[in-house]
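Please consult the sequence and the structure shown below alongside the text.

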Amino acid sequence: MNLAIILQLPFTRAGGWQQLRQGRPSIPKLVWLVVLPMSLLPPVLLYYAGTHYGDTFIAGFGERPWRYITTILFLAELLTFFVMGWLIHAVVNSDDMSIDYHDAYLLAALAPLPLWSASLALLIPSVLLNTLVAIAALGISCSLIYHGLQALCHREDSDVVAMSATYTVMAGGVLAWGLLMAIVWAY
């Protein structure tokens, strides 16, 4: 799977999705090769931003115990992957569609890729830029889930059932994302 195909996933239900499905990487392989390394990005970059930018980034930002916050964030991200895989399977199989556990976890591993990649914006000490990048990443993640459900469940374009399942999954995802951000700011 090359980068050009992966970059197409959020924008079409054709192409790369079927190659991913045919490759059938196991769930442990997804965890070791995708989830684990990519979920390390936000904690590492948040630790970097917190310890290097300090209060110039946001008032009170430098005084936080970043070692503990980023460790909790990392563990929460790993837990979120498993919960989101279960949620995708439960939501999709309760509607007019069906998806097996493998495909649900494949989608759960790919859906946060834009959000994990958005943490690279933390290399630039701009709150506005980081906020805009995070919002754009959330939109791309929503699109990735929608087109992934279309492809993995063999649905047509503009399918209302796939849209409904996407809204439900994204509501759970945004809730989980909000809880992760609350952990960062509340600690």
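L152 has a relative accessibility of 1% and therefore counts as buried, where buried means under 20% relative accessible area, exposed means over 50%, and partly exposed lies in between (1.4 Å probe, protein chains only). The model is predicted: local features need pLDDT of at least 70, side-chain atom pairs count only at pLDDT 80 or more, and totals for chains, interfaces and linings use all residues. Residues are numbered from 1 along each chain as its sequence is written, and side-chain values use heavy atoms, with hydrogens and water left out.

**L152 and its surroundings**

- L152 is located in helix α7; helices (H or I, at least four residues) and strands (E, at least two) are DSSP runs, numbered from the N terminus.
- Residues up to four places away in sequence aside, L152 touches W17, R21, I99, D103, L106 and L107, a contact being defined as heavy atoms within 4.5 Å.
- Between L152 and D100 the C-alpha to C-alpha distance is 9.2 Å, with 52 residues of separation in sequence.

**Overall architecture**

- The protein chain contains 8 helices and 0 strands.
- The radius of gyration of the protein chain is 17 Å, close to the 16 Å that the globule rule gives for 187 residues, so the chain is as compact as a globular protein of that length; the radius is taken over C-alpha atoms, and the rule is 2.2 Å times the number of residues to the power 0.38.
- The C-alpha trace spans about 50 × 30 × 30 Å along its principal axes.
- Of the contacts between residues at least 6 apart in sequence, 71% join residues at least 24 apart.

- Buried residues account for 46% of the 187 residues in the protein chain.

**Nonpolar cores**

- The largest nonpolar core has 42 residues, and those with the most contacts inside it are W17, I88, V92, I99, L107, L110 and L149. Such a core is a set of buried Ala, Val, Leu, Ile, Met, Phe, Trp, Tyr and Cys residues joined through side-chain atoms within 4.5 Å.
- Two or more residues of this core come from each of α2 (16–23), α3 (27–52), α4 (66–94), α5 (101–110), α6 (113–118), α7 (127–152) and α8 (160–186).
- Another core, of 12 residues, lies apart from it and includes L45, A49, Y53 and L180.
- Beyond four places in sequence, the contacts of W17 include L9, L110, L144 and H147.

- Helix α5 is mostly covered, with 9 of its 10 residues buried.
- Those buried residues pack against α2, α3, α4, α6 and α7.
- H89 belongs to helix α4 and, at 15% relative accessibility, counts as buried.
- Leaving aside neighbours within four places in sequence, H89 is in contact with I99, D100, Y101 and A104.

**I6 in helix α1**

- I6 is placed in helix α1 (residues 3–8) and is partly exposed, with a relative accessible area of 34%.
- The C-alpha atoms of I6 and W17 are separated by 8.7 Å, the two residues being 11 apart along the chain.
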